[in-house]
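Hello,

Here is the structure I promised to pass on to you. Have a look at it first, and then read on for what turned up in it.

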Amino acid sequence: MAEPLTVVITGAAGQIAYSLLYSIAKGDVFGKDQPVILHLLDITPMMGVLEGVIMELQDCSISLVRNVIATADPLVAFKNVDAAFMVGAMPRKDGMERKDLLKANVKIFFEQGQAMDKVAKKTVKVLVVGNPANTNACILSKYAPSIPKENFTCLTRLDQNRAQAQIAAKLNVTADKVTNVIIWGNHSSTQFPDVAHAKVDLNGKVVPVREAINDDSYLKNDFVASVQQRGAAVIKARKLSSAMSAAKAAADHMHDWFFGTKGDNWVSMGVISDGSYGIQEGLMYSYPVRIADKKWTIVQGLSIDDFARGKLDATAAELKEELEAAIAECT
Ligand SMILES: NC(=O)C1=CN([C@@H]2O[C@H](COP(=O)(O)OP(=O)(O)OC[C@H]3O[C@@H](n4cnc5c(N)ncnc54)[C@H](O)[C@@H]3O)[C@@H](O)[C@H]2O)C=CC1
Ligand SMILES: O=C([O-])CC(=O)C(=O)O
């Protein structure tokens with residue numbers, strides 16, 4: 001059996017971690033033969049709750065989990081980690097936008113970046129989930145300069161999964177039949193869920209989603225709005241933000257980073273912009289990526305029409321503003 005991977009989950013006593021830990025523990029993320037050592041970080045007042053979560057993990061009786069370290073000290077949590085799920089942050093409430101969390105949450109990533117810089121492996125693969133996820137990931141990377149920028153990503157896979165599921169429901173197929181939906185930009189209500197290059201397998205025949213749906217007005221309006229607003233709709237209904245689906249998406253993201261994408265397929269991830277598609281360099285922007293040998297590359301050469309161009313630029317403009325506000329909080 002392989003050497004254990006050391007994996008940190010921050011916000012480990014919270015609701016996303018409650019689902020995510022089980023997924024990691026049973027091998028959904030790093031493989032069914034891959035043992036893991038779990039580092040669980042939360043704040044001091046949550047250590048009692050975290051103890052209960054660890055009891056439950058133990059009671060799952062899963063042999064892949066070789067050790068669990070619970071701590072409120074980031075220097076202990078990030079020590080020698082191979083992978084980091086950065087979940088620990090305040091969730092939004094009904095009526096808030098995710099960027100309203102910036103003031104409360106960005107300092108967490110400012111401080112944890114510095115700790116990560118000191119003690120994490122330089123090869124660590126980092127996924128930021130805590131909102132506003134793109135901007136928090138940018139700040140984390142900025143304050144962990146000894147770790148390559150390519151190692152920092154943020155979660156937009158939940159938006160991708162939502163978009164895929166909505167298209168699948170409309171076409172009366174299962175979600176796995178829909179591929180290459182793209183989420184561009186910010187994990188916020190300005191994100192652009194784009195099916196211009198998406199495909200669907202209808203009874204063994206692969207056709208463009210646009211052709212199968214045959215309703216551009218729906219794809220440009222109701223579909224886009226409903227993916228953009230799905231997080232808010234869950235909060236309205238559940239009085240808590242998405243957790244099970246967020247954990248599933250975080251698991252999907254890290255799984256694909258470790259195991260790669262298949263064939264022509266791509267997935268969406270928030271990654272550091274290199275200027276692709278005219279987006280300002282240095283923003284943490286969600287792009288379609290292909291992954292091989294544990295490295296992502298932005299899919300190039302996709303056609304962008306005027307409608308899409310406006311959407312790509314609007315979400316970039318929001319990210320630029322968020323980043324400026326976040327940097328001001330960190331000085
Ligand atoms: N990117 C995405 O797709 C999604 C992001 N989220 C975001 O994920 C975050 C976590 O959500 P939930 O688990 O539902 O929240 P939660 O409130 O249930 O759990 C958050 C946990 O983080 C802990 N925490 C707070 N400050 C910390 C710090 N400095 N270090 C370590 N832990 C700390 C809290 O004590 C709590 O246990 C929120 O910001 C939420 O908005 C949620 C869903 C989807
Ligand atoms: O909506 C929220 O605040 C939580 C989240 O990011 C999502 O569900 O996409």
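The shell around ligand 1 is made up of 16 nonpolar, 10 polar and two charged residues. Please keep in mind that this is a predicted model. In total, 28 residues surround ligand 1, and the closest are Gly11, Gly14, Ile16, Gly88 and Ala246.

Ala246 turns up again in the shell around ligand 2, together with Pro91, Arg92, Arg98, Asn131, Leu158, Gly231, Ala232, Val234, Ile235, Ser241 and Ser242. Sorted by class, that shell around ligand 2 holds six nonpolar, four polar and two charged residues. Which helix gives the most to the shell around ligand 2? That is helix α10, residues 230–238, with four residues.

Helix α6 spans residues 157–171 and helix α11 residues 244–259; their axes are 8 Å apart and the angle between them is about 105 degrees. Since angles of 65 to 115 degrees count as roughly perpendicular, α6 is therefore roughly perpendicular to α11. The contact of α6 with α11 divides into three nonpolar, three polar and two charged residues.

Helix α4 (residues 102–119) and helix α5 (residues 133–142) have axes that come within 7 Å and cross at roughly 30 degrees. Angles under 35 degrees count as roughly parallel, so α4 is roughly parallel to α5. The crossing of α4 past α5 is right-handed. On the α4 side, the contact is made by Leu102, Asn105, Val106, Phe109, Phe110, Gln112 and Gly113, and on the α5 side by Thr135, Asn136, Ile139, Leu140, Ser141 and Lys142. By class, this contact of α4 with α5 has six nonpolar, six polar and one charged residues.

Finally, a word on the annotation. The unreviewed UniProt entry places "domain: Lactate/malate dehydrogenase C-terminal" on residues 156–328. In the model, the end C-alpha atoms of residues 156–328 lie 25 Å apart, and the span is 46% helix and 20% strand.

Enjoy exploring it, and do write back with any questions.

Best wishes

Key. Residues are numbered from 1 along each chain as its sequence is written. Chains are lettered from A and ligands numbered from 1 in the order in which they are written. This is a predicted model: local features need pLDDT of at least 70, side-chain atom pairs count only at pLDDT 80 or more; totals for chains, interfaces and linings use all residues. UniProt positions are given in the numbering used here, feature names are shortened, and annotations may be inferred rather than shown by experiment. Helices (H or I, at least four residues) and strands (E, at least two) are DSSP runs, numbered from the N terminus. A residue is near a molecule or strand if its C-beta atom, placed from the backbone, lies within 6 Å of it. Ala, Val, Leu, Ile, Met, Phe, Trp, Tyr, Cys and Pro count as nonpolar, Asp, Glu, Lys and Arg as charged, and the others, Gly among them, as polar. Axes are lines fitted to C-alpha atoms, for helices over the stretch in contact, and angles run from 0 to 180 degrees between N-to-C directions. Angles under 35 degrees count as roughly parallel, over 145 as roughly antiparallel, 65 to 115 as roughly perpendicular and the rest as oblique. A crossing is left-handed if the near helix is turned anticlockwise from the far one by less than a right angle, and right-handed if clockwise. Two residues are in contact if their C-beta atoms, placed from the backbone, lie within 7 Å.
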